[in-house]
Amino acid sequence: MSDLPPDPARLRVILEHLDKQIADNQIVGIYLRLQREAVQAALARAEAPPPRRPRLPKGGAGLGPMARISPRPQFVVQQKRTPRGPEPAIIHLGDCTMIEGTPHSISEHDARVSLTDPNLEPCAFCRPDTELGILD
């Protein structure tokens, strides 16, 4: 770089060109760093274990006053009756939004045993079989 022209006009043009190259490369560098951070975040999410539903402590300890008054059952069974006869009962998690009618609370053990019965099926929405560790 020792062969620079001696006149100020050409030196200003070279300096302007170098400043533009530096600015352009800074923008590319910032973009690439942002993309790298996004890929790292996606990789962390992909490698993280799936979130587990929080379990309620026994007796409602550590919960707000409303939760202690009316704790939600952990598992429920929903029975449907139709003009053609009863349909297979459906097992739900207690907080499932797809429950219809009046559900009946059941224990975790009863839910696990019920899901082995061919006349009972797990809710496809809340997947109590997954929560219980029962795999097809």
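Mentor: Buried means under 20% relative accessible area, exposed over 50%, and partly exposed in between, with a 1.4 Å probe and protein chains only. The model is predicted: local features need pLDDT of at least 70, side-chain atom pairs count only at pLDDT 80 or more, and totals for chains, interfaces and linings use all residues. Residues are numbered from 1 along each chain as its sequence is written, and side-chain values use heavy atoms, leaving out hydrogens and water.

Trainee: Is Gln78 buried or exposed?

Mentor: Gln78 lies in strand S1, strands being DSSP runs (E) of at least two residues, and helices (H or I) of at least four, numbered from the N terminus. Its relative accessibility is 2%, so Gln78 is buried.

Trainee: Which side chain is joined to that of Gln78 by a polar contact of 2.7 Å?

Mentor: A polar contact is a pair of N or O atoms within 3.5 Å; within protein, one must be able to donate a hydrogen and the other to accept it, and residues adjacent in sequence count only if both atoms are side-chain atoms. A polar atom of the Gln78 side chain also lies 3.4 Å from the backbone nitrogen of Glu100. The side-chain partner at 2.7 Å is His92.
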